[in-house]
Amino acid sequence: MAGPLTGVNVLEFSQVIAAPFGGQALADLGASVLKVEPPDGDSWRLQLQFRPTESKTFQCLNRGKDSLTLSLNQAAAQKIVHQLIPEIDVVLINYRPDVPEKFNIDYQTLSAIKQDLIYVDLTAFGRKGPWSLRPGYDGAVQAVSGLMAAEGKTKPGEGSPMTISSTAVADFCSGVAMAEAVTTALYHRQMTGEGQMVECSLLSTALNLQLPIIMEHQKADAKRNATREQRLKRSREGAQFRELVEIRQQASDVENNYFYRSFLTKDGAVVIAADSVEEKAAVRKLFDLSNDPDNQAIDAMKAAISSKSSDAILDDLRQFRIPTAPVRYPDEMNRDEAVLANEWLFELEHDTTGPQTQMRLNLEFSESALTEPSASPPLGRDTARVLKNLDYSEEAIAAFREAGVVS
Amino acid sequence: MSGIFSELRVIELSADVTGSMAGQICADRAAEVIKIEPPGGDVLRHVDSYDSGESKLYESLNRGKQSVVLDYDQSDGLKLVKALCDTADVVIASQPKRPLPSELSYETLKIQNSKLVYLDINAFGRNGNWADSASNDLVMQAYAGNMLSEGKTEPDQITPRAIVSTQMSEYVTAFYALLGISSALYHRARTGVGQEVSTSKLLTMLSIQSARIVTNDLADKKVIGFRNRLLELRTEGASLAKIKSERGKTAPRVINAFYRPYQTRDGAVFVGALTRNLRDKARGALNTTLLGRDDPNYDTRNDEYYDNALRQQAEIEAYLKEKTTEEWIGILEASGVPTGEITFPEDLYNSEQLLENSYIAELDHTSGRQIHVMPHAQFSAFPDPEITAAPSLGRDTTRILSEIEND
């Protein structure tokens, strides 16, 4: 058994999180992925680096790839890309919309070399519109897409909004979305022989994480629009961000009820997450609550839970199939029983930094195997080999290094 | 109808956001998606419904589908669902509260339909004690560590609060689902063989924070003590208050002034200087000499150093309040620093950026006009996808059933 993308060649122009994460998924699925980096490396290699040009976050986003350094503003580097393209099935690219053309690696140019090329383009805000040429990262996209304000975190004291920090959700999700666009376009090429360009953006992904929230609905929105009007009015009157968030949160009753929230226990915390009529009834029965419990009754429920261990509470709730879970830190998840039982972590050896664990791709196939991936490549590890395969001599490669075309 | 999936029939057996979203992406690509709903209708129809069995949540996630009401708890209903699955190219199975009957498992369905692609969306993976537990997004974000990592709390400063901007475990898993479906369809187009693909919501939540979970002895030197101490506290059965207090004492103090939102005179703006080069530009725009992490003598453990950095950050906060958001966006844009206005999601319906990129569009539904978020990927082979609104309950039951009865 081999991966479903065995034999597919991917050329990746990427940095930071989104496109690298997408390219890594394709490598796990069996594709050969060649990552093009500037001579001093993807800037993410330097983000909290623990060895020169090696950071943990980079190593978690680039396993199973080869690394080719190219200084794309040089004509010789652009020629190397053009020489590679006939063997390439898929180009992944995440630059600002004006950049690919400057480097002669835009879809028009590359698809003229290979007609059935699949070219998946990820921008921050889309290729059109007033923001198209703005540089953008996950945080900026959280800001303009509504995610950050909807999360409603505010800085203690000063009160400004805060970034969603548990994960760069627009980045990671865009990586998966990009990979998904590739496999869908590969399916289309297999059925019709056609290549194409696919456009994705961090902004579009962020909107797709909020479908019912952004949706406007003539019949359903009366209550929501009243809250919106109140918020806009207070905003015009000069209200601070924290107040605007509070106006919005008061309108959603989800946050303060007793059957869908977290509770402190003797040794940690659990969530009770009843969301059906039956589950809510089961919670009320378990904790002796009436249909419309008052604050005193809910305080008694909190006290009962805080006197027990998390395990005891979880057992009680799971017995009645009430959705529940312990509340955990990420840095204890490498020992979690579900993680171990499903063998989601595996060990591998990096060329220069030694042993590490990595997390498997979130897919399992009955007829295809996932590739057993190698660790992320040291910067430019594969440059010489790739150039030799294009019939460049040792002397020519040395001259490229001299001229800064490659590093 | 034309689209990449226009030749495909998808049967959706889902009772959650993930399965509905996966089905919707297929429908947006012109697959014939038949959603099997129980006699009372899909659970999503009953979340904040504006009319009996009609909700915004359902309508935002079920565009372009056929609605067929069948009860597979009854043997007649089960037979009909099985017969429909025998005609399917793809089955999407996502039941977070209870398993499907074995007649609808891949093992059974593949006997009649060897080319079937069967997508199993599960919560905790297929193995381990948690495998069959009831789940939803709150459960996933608690169990996987995302919720504590995000750091929101109740006013007591200890009880964790949920992430509310998006149901990450549900939406991001839907993108993995499509990566699985299209990879398997590509494999089928190449080999003629169908297969089962599975994806897990828990692994989604772990994957988007993987660098905090995987281990690497060299990279982890500074955090290993922190990680080990947590394990000790867990073994001792420490309360969350105690754990938080201990982690607070040993957690590194961070100055992050260049990648965060700030309040302005009339709102809030994001400053997105993620790399060193951008931070140099941001210092000029924000009129500060604060070096932060770029200081070779960066030492936030030193109280005097830390207090001084905080004071400089407070000066930036005050400076930002002197001008409007629009003025700041102009200044930051001219300096080349990524930026954007902090916007509430309900205010995006008339955004020029969204409209110009076709990220939102109007659809006609029986309840009236709706504005929807459009698909995350735009394929050049199908520049104008035909996207239609969600069906009323059971709209297509008679037509679809007469088709199988006539066979």
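**Exercise 1. Determine how many residues of chain B are in contact with how many residues of chain A, and state the area buried between the two chains.**

Solution. In this predicted model, 160 residues of chain B are in contact with 158 residues of chain A. The size of an interface is often given as the accessible area lost when the parts come together. For chain B and chain A, the buried area is about 14400 Å², and 59% of it lies on carbon and sulfur atoms. Lys56(B), Tyr186(B) and Phe344(B) contribute 5% of the area that chain B buries against chain A, more than any other three residues.

**Exercise 2. Describe the polar and charged interactions between chain B and chain A, and the make-up of the side of chain B that touches chain A.**

Solution. Begin with the salt bridges: the count between chain B and chain A is 16. One of them links Arg247(B) to Asp331(A). To verify this pair, compare the separation of the closest N and O atoms, 3.1 Å, with the cut-off of 4 Å. Next, consider polar contacts, of which 79 residue pairs are found across the interface of chain B and chain A, both residues being at pLDDT 80 or more. Helix α7 (residues 168-191) of chain B provides the largest share of the side of chain B that touches chain A, namely 16 residues. By class, that side has 77 nonpolar, 49 polar and 34 charged residues.

**Exercise 3. State the domain division of chain A and examine the interface of its domain 1 and domain 2.**

Solution. The domain assignment gives chain A domain 1 (9-208 + 340-403), domain 2 (220-251) and domain 3 (257-328). The C-alpha centres of domain 1 and domain 2 of chain A lie 39 Å apart. The salt-bridge count between them is zero, while two residue pairs are in polar contact, both residues at pLDDT 80 or more.

Key
Residues are numbered from 1 along each chain as its sequence is written. Chains are lettered from A and ligands numbered from 1 in the order in which they are written. This is a predicted model: local features need pLDDT of at least 70, side-chain atom pairs count only at pLDDT 80 or more; totals for chains, interfaces and linings use all residues. Side-chain values use heavy atoms; hydrogens and water are left out. Contact means heavy atoms within 4.5 Å. Buried area is the accessible area (1.4 Å probe) that two parts lose on being put together, summed over both. A salt bridge is a side-chain nitrogen of Lys or Arg within 4 Å of a carboxyl oxygen of Asp or Glu. A polar contact is a pair of N or O atoms within 3.5 Å; within protein, one must be able to donate a hydrogen and the other to accept it, and residues adjacent in sequence count only if both atoms are side-chain atoms. Helices (H or I, at least four residues) and strands (E, at least two) are DSSP runs, numbered from the N terminus. Ala, Val, Leu, Ile, Met, Phe, Trp, Tyr, Cys and Pro count as nonpolar, Asp, Glu, Lys and Arg as charged, and the others, Gly among them, as polar. Domain bounds come from an automatic or database domain assignment.
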